[in-house]
Amino acid sequence: MTQEFDLAALLADGVRGRSGAWNFVRGFASHWARPLAGDDGWPEADLAAAEERLGVWLPIALREAYLLFGRRRDLTSNHDVLLGPAELYVDQAGEALVFRHENQGAASWGILLNSLQDDDPAVLCRADLADKSAERWEGWLEHLSLCFVEIVLSESLHAEEDLCDFLDAPDVDSLKENFVRLPFPLYPLGDEENASRWFLGHGTLLRDDAGAALLARGRTPEDLDRTRDLIPGDWLNDY
């Protein structure tokens with residue numbers, strides 16, 4: 001059984017619900033990073049303190065993710081930042097609980113306060129705009145557990161430089177011919193024209209951002225080199 005098949009099968013199960021999502025994170029960590037350990041999550045006391053400070057209950061999916069791997073920055077915060085329990089906050093408009101920031105402050109991810117009672121609520125994203133009156137919470141992914149799967153996948157694209165690379169305006173035909181589309185839904189929600197898609201093959205994980213950019217992560221530097229050969233272009237880290 002190939003690693004590509006294993007990852008795709010785990011991912012297909014992972015998009016169906018919380019249990020599958022956490023199994024995927026465990027498997028991905030074991031094969032693409034390092035296995036999860038008992039101290040990789042936040043203690044229950046930290047989550048309880050956050051709830052008391054905020055005056056809200058954290059959704060079950062958020063609690064489960066934080067308890068399982070919330071302190072593993074290599075899985076959650078290589079590029080964008082997963083906030084710790086003490087850093088969680090409600091946005092100024094009082095609309096959403098914010099749990100993640102874009103690395104330069106260009107966007108935030110949150111959960112609407114009126115959906116916090118849901119076990120696995122939808123996640124929304126809000127861009128930081130010069131015109132604050134134009135800012136809106138807009139759909140990102142249908143479930144929080146699915147968002148955490150996306151976080152782990154995306155943050156893996158920003159690991160060691162010899163394993164990761166970036167390509168502007170990639171040859172999408174070469175991508176589709178040589179790599180298999182993974183069973184992850186299009187996102188952001190409601191914006192299919194600008195949606196991201198995931199691919200796998202030749203020991204490399206890739207995210208295609210609507211044909212505008214391609215990010216790649218190889219299991220080994222040699223895997224990444226093969227991918228560069230299959231998708232020609234001016235790769236950022238190909239010296």
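Biologist: Is D191 buried, partly exposed or exposed?
Modeller: In this predicted model, D191 is partly exposed, because its relative accessible area is 29%, and a residue counts as buried under 20% and as exposed over 50%.

Biologist: Where in the fold is D191?
Modeller: D191 sits in the loop between strand 8 and strand 9.

Biologist: What about P188, where is that?
Modeller: P188 belongs to the loop between strand 8 and strand 9. The peptide bond leading from Y187 to P188 is cis, with omega near 5 degrees.

Biologist: How many bridges join strand 8 to strand 9?
Modeller: Two bridges join them, and the strands run antiparallel. V180 stands opposite L200, which is in strand 9.

Biologist: What is the strand order of the open sheet?
Modeller: The order is 7-11-10-9-8, five strands with antiparallel pairing. Strand 7 (164-168) and strand 8 (180-181) are at the edges; each has a single partner strand, so one side of each lacks a neighbour in the sheet.

Biologist: Which strands does helix 2 lie across?
Modeller: Helix 2 lies across strand 9, strand 10 (204-209) and strand 11 (213-218), and runs at about 120 degrees to strand 10. Helix 6 also packs on the sheet, where it touches strand 7, strand 9, strand 10 and strand 11. The direction of helix 6 makes about 105 degrees with that of strand 10.

Biologist: And what is the angle between helix 2 and helix 6?
Modeller: Helix 2 (residues 18-32) and helix 6 (residues 144-156) pack at about 15 degrees, and their axes are 8 Å apart. An angle under 35 degrees counts as roughly parallel, and helix 2 and helix 6 are therefore described as roughly parallel to each other. Their crossing is left-handed.

Biologist: Which residues make the contact?
Modeller: Helix 2 contributes R18, A21, W22, F24, V25 and F28, while helix 6 contributes S145, F148, V149, V152, L153 and S156. By class, this contact has nine nonpolar, two polar and one charged residues.

Biologist: Changing topic: which residues have a positive phi without being glycine?
Modeller: A169 is one of them, with phi near 40 degrees. A169 lies in the loop between strand 7 and helix 7 (172-178), and counts as exposed at 60% relative accessibility. A210 is another, with phi near 55 degrees. A210 is in the loop between strand 10 and strand 11 and is partly exposed at 33% relative accessibility.

Biologist: Now strand 5: how many of its residues are buried?
Modeller: Four of the five residues of strand 5 (residues 123-127) are buried, and the strand is mostly covered.

Biologist: Which strands are joined to strand 5 by bridges?
Modeller: Strand 4 (residues 107-112) is joined to strand 5 by four bridges, in an antiparallel arrangement. The bridge partner of W109 in strand 5 is C125. Three bridges join strand 5 to strand 6 (residues 138-141), again antiparallel. V123 stands opposite L141 in strand 6.

Biologist: How far is Y89 from C125?
Modeller: Y89 and C125 are 15 Å apart, C-alpha to C-alpha, and 36 residues apart in sequence. Y89 lies in strand 2 (residues 89-90) and is partly exposed at 30% relative accessibility.

Biologist: What is Y89 in contact with, beyond its neighbours within four places in sequence?
Modeller: Y89 is in contact with L54, L83, A96, L97, V98, H101 and S108.

Notes:
Residues numbered from 1 in each chain as written. Predicted model: local features only at pLDDT ≥ 70, side-chain atom pairs only at ≥ 80, totals over all residues. Heavy atoms only, no water. Buried < 20%, exposed > 50% of the residue type's maximum accessible area, 1.4 Å probe, protein only. Pairing = 2+ DSSP bridges. Axes fitted to C-alpha atoms, helices over the stretch in contact; angles between N-to-C directions. Parallel < 35°, antiparallel > 145°, perpendicular 65-115°, else oblique. Left-handed = near helix turned anticlockwise from the far one by under 90°. Contact = heavy atoms within 4.5 Å. Nonpolar A, V, L, I, M, F, W, Y, C, P; charged D, E, K, R; others polar.
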